[in-house]
Amino acid sequence: MTVVDFDYVRTFVRQQAAIVLEPGKEYLVESRLQTLARKENFPSVESLVQQLRQSPPNGMHRKMVDAMTTNETSFFRDLHPFAALRQSILPELLVRRAKERQVNFWCGAASSGQEVYSVLMTIQEHFPELLNWNFRFIATDLCAAVLARAQAGRYNQLEVNRGLPANLLVKYFTAKGVEWEFSPELRRRVEFSELNLIKDWPSLPSLDLVFLRNVLIYFDVETKKTILAKIRRLLRPGGILLLGGAETTLGLDEGFERIVFDKTTCYRLKP
Amino acid sequence: MVDLNTLIKQANELPAFPASAVRLAELVSRGDCDVQEVAELISFDPALTVKLLRIANSAASASEQRIGTAKEAVLRMGIEQVFALVIACGAKPFLQGAVPGYDLKDGALWRHSVAAAVAAEAVAPFCEQEIPPEGFTAALLHDVGKLLMNRFLSAEILGYIHRAEEVEHCGRLEAEALILGVHHGELGGLIAQHWKLPERVILGITYHHNPVPGMDPICEFTYLANHIAKQIEAGLDHKDSVLVPSVEVLRRLGLNLDALDKFYPIAACRYHAVSRRYNSV
């Protein structure tokens, strides 16, 4: 890949999605765009990038950003956050909000839905009463294509093999041809919409539980600070923010305090 | 990235694993099979019966009576050994060819698979953690995913994978996942599902490089068997940090590095003694 082409792609992706692609990542850009080029019938990555550079931002630019967005995900990813949900976070929330019986959850990087549905399965299995409350679960993502997939709730065999225990597969999924479809009843509990974390956010309610796991790692420091500040303003007292295992608010936003449930580190507003 | 649906389709189009081997794996997984049941199962597969009798008679001494039936073979050799041979018979046709995407020449993948299976047999008694009976099968088949992955490893893709390993300082598995969206452990699990092998075999194969998410001792066990096999193949004097198994995995199996150091020569001897048996299937 030429230096000029790489610079064009990394600049555009950074502007649109705040994803940082350092020099050295040319191989990754090329491998991802190679797939896109073939799919869109371009003879090469070079010809694809040339077309992108010569035209104003359009659907193909969107596809380029989508191709560069890492969508690695699995059911019950990392395991211990879901144990923390089950053992500590949700029981505490049920007590804290027992009088008003209203909770709002937000998954800010829903991708193809595995995290959202893992949370719903945890709730259905262990705290089904929560679903009888005024319960909102908002799931957003930058990438329209994966969001559509999340909404459809259909997964191939490799995807259900990733982290989904067999008993939950049988209980919550129905085989549809060669795919597996997540429970329509539980899917209906989720409000899916597009949201780009680095642009203006649409209106979100005040939040009791925020999942933003393994997303901030892709952004620079200033972007992280901006996002965390926005979340802080939305989080209710006692509300919990869950980040990825390698992520922290330390050094980025002093408005959070760190709490640990066994192996899971969470954040909530400082009193 | 590779199209996952294409991968799944190709996995499901692979020839089936021999029905008798699948059925026997199921029986062993249940833990309650007896000689009669095993012998009957083998008898229904004439080709398998012939192979088993040949191996049983070649192992018998001159003074022992020739073995003429599947039941006699099971009685003489024991269910465990017969099971191992039946699985090996089923696996060898798949594993004996070259796998150029992994620089494996003819027979190399098979030899490595046998080394892992022998390591699994040898190390199981030393583990404080109870090892499930599916351990041998998972160890023998742990790299079967490479067969399918190989179809997608063009020179271009291999170039990206090697570059990812260099730039990200990661192993081959992580590099495969980064470039293709899937790694060979997952593909192996997919193949094992297609073959209708027991659930624990599928888990052991899928998670043989990164056992923690598998949440089953068979994953740690298969991981260890793979490491021991690599050390045996590299030579016991060959020191490479990549070949040292994770201390945490050893702890969960009830082993430690000191115990393992004493165990390696035993495993190597056993490999050289019994590998001929599996190579003759």
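Analyst: Tyr117(A) has a relative accessibility of 0% and therefore counts as buried, where buried means under 20% relative accessible area, exposed over 50%, and partly exposed in between (1.4 Å probe, protein chains only). Tyr155(A) is likewise buried, its relative accessible area being 0%.

The model is predicted: local features need pLDDT of at least 70, side-chain atom pairs count only at pLDDT 80 or more, and totals for chains, interfaces and linings use all residues. Residues are numbered from 1 along each chain as its sequence is written, chains are lettered from A and ligands numbered from 1 in the order in which they are written, and side-chain values use heavy atoms, with hydrogens and water left out. For the complex, the predictor gives an ipTM of 0.84 and a pTM of 0.89.

Tyr117(A) and Tyr155(A) form an edge-to-face aromatic pair, with 6.5 Å centre to centre and 80° between the planes. Rings of Phe, Tyr and Trp (its six-membered ring) pair if their centres lie within 6.5 Å; planes under 30 degrees apart count as stacked, over 60 as edge-to-face and the rest as tilted. Tyr117(A) belongs to helix α6 (residues 114-126) of chain A and Tyr155(A) to strand β3 of chain A, so the pair ties together parts that are 38 residues apart in sequence. Helices (H or I, at least four residues) and strands (E, at least two) are DSSP runs, numbered from the N terminus.

Ring pairs also link these two tyrosines into a cluster with Phe75(A), Tyr172(A), Phe173(A), Phe182(A) and Phe192(A).

In chain A, three strands form an open, antiparallel sheet in the order β3-β5-β4; two strands pair if DSSP finds at least two bridges between them. β3 (154-155) and β4 (173-176) of chain A are the edge strands, each pairing on one side only.

β4(A) is joined by four bridges to β5 (residues 179-182) of chain A, and these two strands run antiparallel. Along this pairing, Lys176(A) has Glu179(A) in β5(A) as its bridge partner, while Ala175(A) stands opposite Trp180(A) of β5(A). The two strands, β4(A) and β5(A), form a hairpin with two residues between them, and Gly177(A) in the turn has a positive phi of about 65°.
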